[in-house]
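Please read this briefing beside the sequence and the 3D structure, moving from helix packing to the sheet and then to single residues.

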Amino acid sequence: MPAVPEGFEEAYRLQRARYPAGEPGWQPVHTVYMPADRFSEHTVAEWGERALSLLKAHLHDPEEMAEVFGLPGGLAAVVHDKVLRKLATEPVEDVRIDFEDGYGTRPGPVEDEHVRLAVAAVAAMRDAGTLPRRWGLRVKSFADGDPERSVRTLERFVTGVSERAGGLPDGFTVTFPKVLMEAYLGQFVEVLARLEREVGVPLRFEMQVEAPQTLAFLRGDLNASLGGRLAAAHFGVFDHTAAIGLPPHEQRLDHPACDHARHVMQVAFAGTGVELSDGSLAAVPASERTVDVHELWRRHAELVRHSLAHGYHQGWDMHPSHLVSRFATVYAFHLARYDAYRERVRAWEERRAGEGGALDEPATIRALAEALRRADAALP
């Protein structure tokens, strides 16, 4: 029997730790950021009501949806129905109460009070059954030079919710922005480990990839070096494009420089189990006129399709109008190819050529199966 090469067992152990196998869990299609000073137990429901009213006012029927989003008539009818249903039942899948850019810098007692109010809102939503499936907060960056404020907000929020809700509800995550130094990640993990001992539940976090400096230390073993606490990496379009010197009118999610950053993130985190999320569109309808609402939806849909085409199935939404174009575009993306993908998988299982004579590779079959799984998880 051939001898096992020296060092193989250790290399294989590291492979399994860095690139764990297994089915990925459910991932939201978006994260909605809401400034902490404007967040209440009613905010999520109000966003849903506003999005639903926009849909009913400016997309009266499937024909209008087909025209705005460029969909075939039959597909538009299905998508129209699904978006209506989604906005009425679960308009927000993931919410982040923002204590960073969307909130700004406030005096310490003022931020403490907004933490207290956010805790009360989360506890009330948990009691009412209206807390989104994923939820949490975004703290200030250590790069701002005041880690004490960031840690204070996190600790008061987490312990406060745990006390008010009788434990930390499922789906919690914390977003750590502007990671200019790799050392900040390890320091933040130490904060989470200490806090975890207090609340008695595992705590993981999302990092934001917003600076070109961050790209330099993204790599396959990063999550392992952080004890497996890194749950996701979210791309920040505006900080990144500003930092590399793009003019303001080119600070857009579909700029080639953003494609490069996203691809670096994909290469670094492939196979690690770290989820990826794209950024946002910083625009709202210019007015209540249908022509302006439609223009916003078309632009947002272009960006969502761009993200989906690049393998990013989640993004940020910053205004209730974005919910309509987000869900419409995601549902159309999945439904347009669902039957064809399923047929190709069936052909593989039956050891025959697929439609058009396609002979898919095993890697493509895995991608097809993953696309079907994502569609099943995303579609209402």
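**Briefing on a predicted model**

The crossing of H2 and H13 is right-handed, a crossing being left-handed if the near helix is turned anticlockwise from the far one by less than a right angle, and right-handed if clockwise. This is a predicted model, in which local features need pLDDT of at least 70 and side-chain atom pairs count only at pLDDT 80 or more, while totals for chains, interfaces and linings use all residues. Residues are numbered from 1 along each chain as its sequence is written, and side-chain values use heavy atoms, with hydrogens and water left out. Helices (H or I, at least four residues) and strands (E, at least two) are DSSP runs, numbered from the N terminus.

- H2 and H13 pack at an angle of about 65° with their axes 7 Å apart, where axes are lines fitted to C-alpha atoms, for helices over the stretch in contact, and angles run from 0 to 180 degrees between N-to-C directions.
- Trp-47, Arg-50, Ala-51, Leu-54 and Leu-55 of H2 meet Pro-320, Ser-321, Leu-323 and Val-324 of H13, contact meaning heavy atoms within 4.5 Å.
- In helix H3 (residues 62-69), the residues Met-65, Ala-66, Val-68 and Phe-69 are buried, where buried means under 20% relative accessible area, exposed over 50%, and partly exposed in between (1.4 Å probe, protein chains only).
- The cover over the buried residues of H3 includes helix H2 (43-58), helix H4 (73-89), helix H12 (290-309) and helix H13 (320-349).
- At the start of H3, a side-chain oxygen of Asp-61 comes to within 3.1 Å of the backbone nitrogen of Glu-63, and after H3 comes Gly-70, which has a positive phi, near 65°.

**The sheet and strand E2**

- Eight strands form an open sheet in the order E7-E6-E5-E4-E3-E2-E1-E8, with parallel pairing; two strands pair if DSSP finds at least two bridges between them.
- Strand E7 (275-277) and strand E8 (315-317) stand at the edges with a single partner strand each, so one side of each is left without a neighbour in the sheet.
- The twist from one strand to the next averages 30°.
- Strand E2 (residues 94-98) is largely enclosed by the rest of the structure, because five of its five residues are buried; Asp-94, Arg-96 and Asp-98 point one way from E2, and Val-95 and Ile-97 the other way.
- E2 pairs with strand E1 (residues 30-35) in the parallel sense over four bridges, and Tyr-33 stands opposite Arg-96.
- Five bridges join E2 to strand E3 (residues 134-138), again running parallel, with Arg-134 as the bridge partner of Asp-94 and Gly-136 opposite Arg-96.
- E2, helix H5 (residues 108-128) and E3 make a right-handed β-α-β unit, a crossover being right-handed if, with the strands pointing away from the viewer, the path from the first strand over the helix to the second runs clockwise.

**Arg-229 and Ala-193**

- Arg-229 is found in the loop between helix H9 (222-225) and strand E6 (230-235), and is buried, with a relative accessible area of 15%.
- Not counting residues up to four places away in sequence, Arg-229 touches Val-189, Leu-192, Ala-193, Glu-196, Leu-203, Arg-204, Phe-205 and Asn-223.
- Ala-193 is found in helix H7 (residues 182-199) and is partly exposed, with a relative accessible area of 21%.
- Ala-193 and Gly-227 are 34 residues apart in sequence and 9.9 Å apart in space, C-alpha to C-alpha.

Definitions and conventions: A polar contact is a pair of N or O atoms within 3.5 Å; within protein, one must be able to donate a hydrogen and the other to accept it, and residues adjacent in sequence count only if both atoms are side-chain atoms.
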